[in-house]
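Let me jot down what I look up as I go.

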Amino acid sequence: MVNMANFTGSFASPSADATVSPQLFAPAGLIATVLDGFTIWKGLLTFLVAAVIYDQFKYHYLKGAIVGPMYKIPFMGPFLQSVNPKFTEYKAKWDSGDLSCVSVFHKFVVIASTRDMSRKIFNSPGYVKPCVVDAAHKLLGKTNWVFLDGKAHVDYRKGLNGLFTRQALAMYLPRSEEVFNSYNEKFLQKSAATNFTPTPWMSEFRELMCALSCRTFVGYYITDEGVQKIADDYYLITAALELVNFPIILPYTKTWYGKKAADMVLEEFTKCAAKSKARMAAGGEISCIMDAWVKAQLDSAAYREKIEKGIQVDSSEKPSQVLREFSDFEIAQTIFTFLFASQDATSAASTWLFQLMADRPEILDKVREENLNVRNGDRTLPATMDMLGQMPYTRAVVKETLRYRPPVIMVPYLVKKDFPISETVTVSKGSMIIPSVWPACHDEEAYPNADSFDPDRWITGTAEQQTKNWLVFGTGPHYCLGQTYAQLSLMSMIGKASMVMDWEHTPTPESEDIKVFATIFPQDDCLLTFRARP
C-alpha cells in the first residue's frame, strides 16, 4: 500500500498547478509553439483541409459497400452533372449494380436499379417518405400532403381517392374534349403558318397538357389568360426540378424563378378554391376535380352537423368518406400537386406518343380505325367512358408508350430512419434513396425484345401479367392517384388527333436519344408537321 504521508505529488490539475500553468505559456511552451507564426490564412487553410477530410470520411462512411465513385469532389460532388443530367449517366448507374450512390453537397443519394429493390423502397413507408426532388419542399411547401405521413396523409388521401374513379372521370371528360379540339386547331394553324416546315413540338405538347390539367382540375374558375400564364411559367418550375439543388435558394437561380412561378400558381388556385366553395354551396353542378372535392367536404360538414344536433341520419345519407374541411390554401396546395405530378409526365408521354405514331403509320392507322369504329364513323362525337372502354388497341398503344418511354424514370424518397435495404447495406437516416422505373420496364424476362415498341404485347402477349414490373405509376401507399386519368386522357388525345389530323415526323440522329428534363423527351424536341384530314 502506498504511504500517503510520503506521497509528494500534487492533487491539483495541471492548469491549476502554479508550477505547470506558466510553462504552457512560456516562450517554449505547448500553446506558444502551436500559435507561433499563426495567421488567419493559416487558420482558414487548416479549417478547409479538415473540412475536406471530414467530407471524404463522411462520404466513405455512408457509402460502405455500395458501388460509387472512390472519392467525392470536395463538398459539391457531381453537382454539375445534376444541373445537366444525361440519360446515359443514369443508365451507367443502373448497370453498375443493384445499388449505386453519389453525394451532392449535403445529400447522400442511393439509387436502386432492380425491380425488387425498387419495389421494396416503394413499399417501405416505415423507413421512407416521398421527397420528389431536393427542391420540392421549397416549391410545394413542407406541409403539402404528399410529404405527410400516417393519419395526416390518410386524411387527405381518403377524400382524394374518389376523385379519380371512372364515374368521377366521366364528369371531367367534356373539359378534355374542349381542350383537345382547341389545340388540334392550333396545331394545324401553326403548321400552316410555318409553311409546313418541321418544327420542334415539345413545348406545344407541354402547353396542351397544362391546359388539359388546369381545365380538368380547376375548370373555368381560371381564365384562358391564367391558363396561358401557368403554361408559360411552368417551364421555370420544371427547370428547378434538379435531383439535388444548392442547399439554399439564391436570387436569380433556377430554383428562385421556380419558386416564384410556384407561388403564382398557388395564388391562382387559392382563388379558384374560394370560387368553387361558393358555387358548390349554392348548388352548382360538379365540372372539375376541385368541385368534386369541395362538394364532398360540404356533404361531410352537413352530415357532421346533423349528428352533432342529434338528428337521425339514414345510412344512405352518410358520405362514403367523412372528410374534414380543408382551407382554400390546403385545397390549392393539393390541386397544385396534381398539376405538379401530371404536367411533366403527360407532356413527355404525349411527345413520345405523337413521334412513335408518326414513325409507325401502320399503328396509327389501327388507332384511327378503332376510334372511328366506336363512333360509327362520326368523328365529331366526343369520347365517353364507354367508348374508351371499347378501345383495346388504343389502350395498348398508350401502355406500350408508357413502358417503352416511362416519363418518370426515378422517384426520389427521403430515408426517415436507418433503412436495411439489403442484408449487407443499411442506408442512413437523412439520405435520399431512389427507386428506378426504367430498368423494370425494360426487363427482358418480363418484356421480351424490351427495346422495341410493340403494342401487341399488351393484347396477345404476357405484358398485362407483369404487374410487378409495371412501376410507371409507382406502387405501395404513395402510388399515383391519377394513373387511370392519365391513361384515359392520352387515349382520348391520340384518338381524337388521329381522326382529324395527319402528321409527319422528321427524324434526326437525336430523335431516339433521351433528354432528361424532370421527365424524358426526345433529344431533338420532336420535329413535326400537321395537316387536316379530309
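This is a predicted model: local features need pLDDT of at least 70, side-chain atom pairs count only at pLDDT 80 or more; totals for chains, interfaces and linings use all residues.

**Entry 1**

I started with the strand order. I found an open sheet of 3 strands, arranged E4-E10-E7 with antiparallel pairing. Strand E4 (199–200) and strand E7 (501–505) sit at the edges with a single partner strand each, so one side of each has no neighbour in the sheet. I reminded myself that strands of a sheet pair through backbone hydrogen bonds.

Next I checked how E4 meets strand E10 (residues 527–532): they pair in the antiparallel sense over 2 bridges. I looked up Thr199 too, and its bridge partner in E10 is Leu528.

Then I asked myself which strands helix H9 touches as it packs on the sheet. Helix H9 (residues 166–193) touches E4, E7 and E10, and its direction makes about 105° with that of E10. Helix H14 (residues 328–359) lies across E7 and E10, and I noted that it runs at about 85° to E7.

**Entry 2: the hairpin**

I moved on to strands E8 and E9, which form a hairpin with 1 residue between them. In the turn, Ala518 has a positive phi of about 70°. E8 and strand E9 (residues 519–522) run antiparallel and are joined by 4 bridges. I picked out Val516, whose bridge partner in E9 is Ile520.

**Entry 3: two helices crossing**

I turned to helix H10 (residues 202–218) and helix H19 (residues 483–500), whose axes come within 13 Å and cross at roughly 125°. That angle makes H10 oblique to H19. The crossing is right-handed. On the H10 side I listed Leu208, Met209, Leu212, Ser213, Thr216 and Phe217 as making the contact, and on the H19 side Tyr485, Ser489 and Met493.

**Entry 4: Ser113**

Last, I looked for Ser113 and found it in the loop between strand E2 (107–112) and helix H6 (115–122). Is Ser113 buried or exposed? Its relative accessible area is 6%, which is under the 20% cut-off, so I put Ser113 down as buried. Leaving out residues up to four places away in sequence, Ser113 touches Trp94, Gly97, Asp98, Ser436 and Pro439.

Notes
Residues are numbered from 1 along each chain as its sequence is written. Side-chain values use heavy atoms; hydrogens and water are left out. Axes are lines fitted to C-alpha atoms, for helices over the stretch in contact, and angles run from 0 to 180 degrees between N-to-C directions. Angles under 35 degrees count as roughly parallel, over 145 as roughly antiparallel, 65 to 115 as roughly perpendicular and the rest as oblique. A crossing is left-handed if the near helix is turned anticlockwise from the far one by less than a right angle, and right-handed if clockwise. Contact means heavy atoms within 4.5 Å. Two strands pair if DSSP finds at least two bridges between them. Buried means under 20% relative accessible area, exposed over 50%, partly exposed in between (1.4 Å probe, protein chains only).
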